[in-house]
Amino acid sequence: MKIVVLVKQVPDSGAERNLRAEDNTVDRASANNVINEMDEYAIEEALRLQEAHGGEVTVLTMGPQRATESIRKALSMGPDGAVHVVDDALSGTDALGTSKVLAKALERLNADVIICGAESTDARGQVLPHMLAERLGVAALTGARKLTVDGSQLTIERQTEEGYEVVTAATPAIVSVWDTINEPRYPSFKGIMAAKKKPVETLSIADLGVDAGEVGWAGAQTTVKEHTKRPPRSAGQKVTDSGEGGVALVDYLSSEKFV
Amino acid sequence: MNPEQEQFRSSLHSLLAASDVPSIARAWAAGSCEPGLAMWRKLADLGVTALAIPAEYDGLEATATDLVIAFEELGHHAVPGPAIESVAVVPSLILSRLPETAADPAVARASDVASLASQWLPRFASGETLATLAWPPHQPFAVDAHIAALPFGGTPGETVASVDPTRHLSHIESEHFIGGRNDRAFDLGALACAAQLTGLGQAMLDLSVAYVQQRVQFGQPVGKFQAVKHHLADVRIALDFARPLVYSAAESLAPQDISAAKVAASAAAQLAARSGLQVHGAIAYTREYDFSLWLVKARALLPAWGTASWHRNRLLESL
């Protein structure tokens with residue numbers, strides 16, 4: 001079974017993140033860049049599939065040069081190799097353009113199963129798996145909290161607000177996963193040392209046959225016109241308890257329709 | 001530290017930070033070691049227990065610097081268990097007795113030791129078994145012999161209370177193996193102990209800095225008072241001076257460098273413990289408060305694997 005995991009480098013969601021004033025894009029230079037958290041669950045799921053069914057796991061990343069750091073970290077968890085699409089012309093690419101580039105790269109990799117995180121912590125669009133499924137003409141099994149494979153049949157439990165739905169499709173297919181699906185492993189000493197020697201193929205958009213005009217700023221269908229900082233949290237209401245504190249609390253909760 | 005070592009450190013830190021080590025340590029102290037042993041199996045999965053073991057015995061053959069990184073994190077999170085014995089001393093002692101590596105042919109008993117190595121080292125590497133030993137006069141008692149193997153023989157006898165309740169000490173009754181004064185295995189134990197102490201010291205400093213920013217007295221956080229700041233700055237300086245000695249000792253593995261590292265790390269950890277105790281007030285030695293876990297472990301490790309005066313003496317003789 002050939003498995004490809006999509007990995008994105010994002011600014012650490014634990015720290016404060018900013019948009020750059022000049023072009024309204026995420027400020028990645030000053031941020032601590034890490035693997036998108038949900039993608040670690042995707043890598044873990046891919047490794048578990050490999051352990052159960054054999055085959056090969058390849059990491060696919062589109063991103064600037066410094067994303068190699070995240071690729072090495074991803075490889076230290078256990079995947080066999082990686083493909084890094086890196087090109088200056090990709091700066092400013094929106095989700096639609098990203099899906100175009102990744103679809104081209106995925107066509108070359110010829111995967112049975114493509115696994116990705118359900119969303120990235122920076123954009124949180126959740127659209128990429130669907131776009132890729134459409135471009136590749138494969139099934140989209142999205143928002144999985146459980147994945148089982150039986151031959152060429154994939155079954156997921158899609159997490160919903162009320163519970164879950166069982167969705168089935170034949171390979172090839174793309175599966176996006178939530179963080180409820182597994183517990184990602186920590187890179188071991190052996191894995192970290194082995195990652196140094198694993199092959200990372202770098203591809204430009206020319207290698208993929210994508211025209212520079214279709215991606216980057218020029219190809220973007222969406223633009224951010226302006227942004228403002230979220231207003232600081234306002235001070236809350238204080239209820240002083242002089243025997244009537246509980247009543248005041250309940251009054252507030254009922255005014256907000258909590259009770 | 002190279003990027004791979006930095007990643008190894010961060011991997012260990014992430015695992016331990018997510019493991020609620022204080023609860024595990026309290027359970028370990030109370031005699032319920034299962035959660036702690038489960039954590040040791042996870043540490044083994046990351047490679048900690050295989051660091052000092054050669055590849056032919058399923059080990060990782062890592063450098064002493066990798067070992068120091070692991071021990072700093074074990075100290076940083078106050079991990080209970082016979083870490084120094086299991087990861088550093090016992091494997092190294094078995095290896096140093098193999099005929100091809102033994103300095104003194106008189107101590108190499110080829111068949112015994114070769115079987116000792118093939119019997120035990122793969123089990124230590126995989127984390128299946130932890131190991132312990134006593135090394136009188138420096139380590140008169142074995143740590144946690146109730147859950148760890150004693151590859152050098154003997155049976156755990158009478159138990160002794162330690163200042164650190166996670167350390168279950170016992171006499172070992174038998175003609176127990178004792179190494180020499182400049183034994184490589186002993187030195188690795190002292191180096192691991194020094195690294196663990198700097199990790200403990202760093203954690204106590206972090207806990208103290210967090211505490212003095214919360215605790216308000218005379219209308220302001222106590223950390224705003226210059227006397228408190230000075231105490232903690234002194235701890236920072238002591239730790240920053242000790243760590244390079246520990247790392248350079250890991251590079252050279254020279255006995256005098258290891259002695260210098262152990263002296264400096266002990267002094268830094270002791271200062272971190274005493275200053276931490278002082279800036280916390282009485283709460284620091286309360287068993288229910290987590291700081292006490294680091295405090296008593298540091299106290300127990302200060303004289304372990306050679307007291308400061310023993311190491312100073314050895315350093316002096318080498319000059």
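Here are some notes on the predicted two-chain model above, point by point.

1. **Ground rules.** Residues count from 1 along each chain as its sequence is written, and chains are lettered from A, with ligands numbered from 1, in the order in which they are written.

2. **The interface in outline.** On the chain B side, 14 residues are in contact with ten residues of chain A (contact means heavy atoms within 4.5 Å). About 1100 Å² is buried between the two chains, and carbon and sulfur atoms give 71% of that area; buried area is the accessible area, with a 1.4 Å probe, that two parts lose on being put together, summed over both.

3. **Who contributes on chain B.** Helices H1 (3–17) and H3 (34–46) of chain B each supply at least two residues to the side touching chain A, and H1(B) gives the most, with six residues. Helices (H or I, at least four residues) and strands (E, at least two) are DSSP runs, numbered from the N terminus.

4. **A helix pair in chain B.** The axes of H4 (residues 64–76) and H8 (residues 226–252) of chain B come within 7 Å and cross at roughly 145°. These axes are lines fitted to C-alpha atoms over the stretch in contact, with angles running from 0 to 180 degrees between N-to-C directions. On the H4(B) side, B:Ala64, B:Thr65, B:Val68, B:Ile69 and B:Glu72 meet B:Arg243, B:Val246, B:Tyr247, B:Ala250 and B:Glu251 of H8(B). The residues of this contact divide into six nonpolar, one polar and three charged (Ala, Val, Leu, Ile, Met, Phe, Trp, Tyr, Cys and Pro count as nonpolar, Asp, Glu, Lys and Arg as charged, and the others, Gly among them, as polar).

5. **Backbone spots worth a look.** Most residues other than glycine have a negative phi, and most peptide bonds are trans. The bond from A:Thr171 to A:Pro172 is cis, with omega near -5°, and A:Pro172 is in the loop between strands E9 (164–170) and E10 (173–177) of chain A. In chain B, the bond from B:Pro136 to B:Pro137 is also cis, with omega near 5°. A:Asn110 has a positive phi, near 55°, in the loop between helix H3 (95–109) and strand E6 (113–117) of chain A.

6. **Salt bridges.** Over all chains, the structure holds 21 salt bridges. One of them joins the side chains of A:Glu56 and A:Lys2 (3.9 Å, N to O). A:Glu56 lies in strand E4 (residues 56–62) and A:Lys2 in strand E1 (residues 2–6) of chain A, so this pair ties together parts that are 54 residues apart in sequence.

Note on methods. Predicted model: local features only at pLDDT ≥ 70, side-chain atom pairs only at ≥ 80, totals over all residues. Heavy atoms only, no water. Salt bridge = Lys/Arg side-chain N within 4 Å of Asp/Glu carboxyl O.
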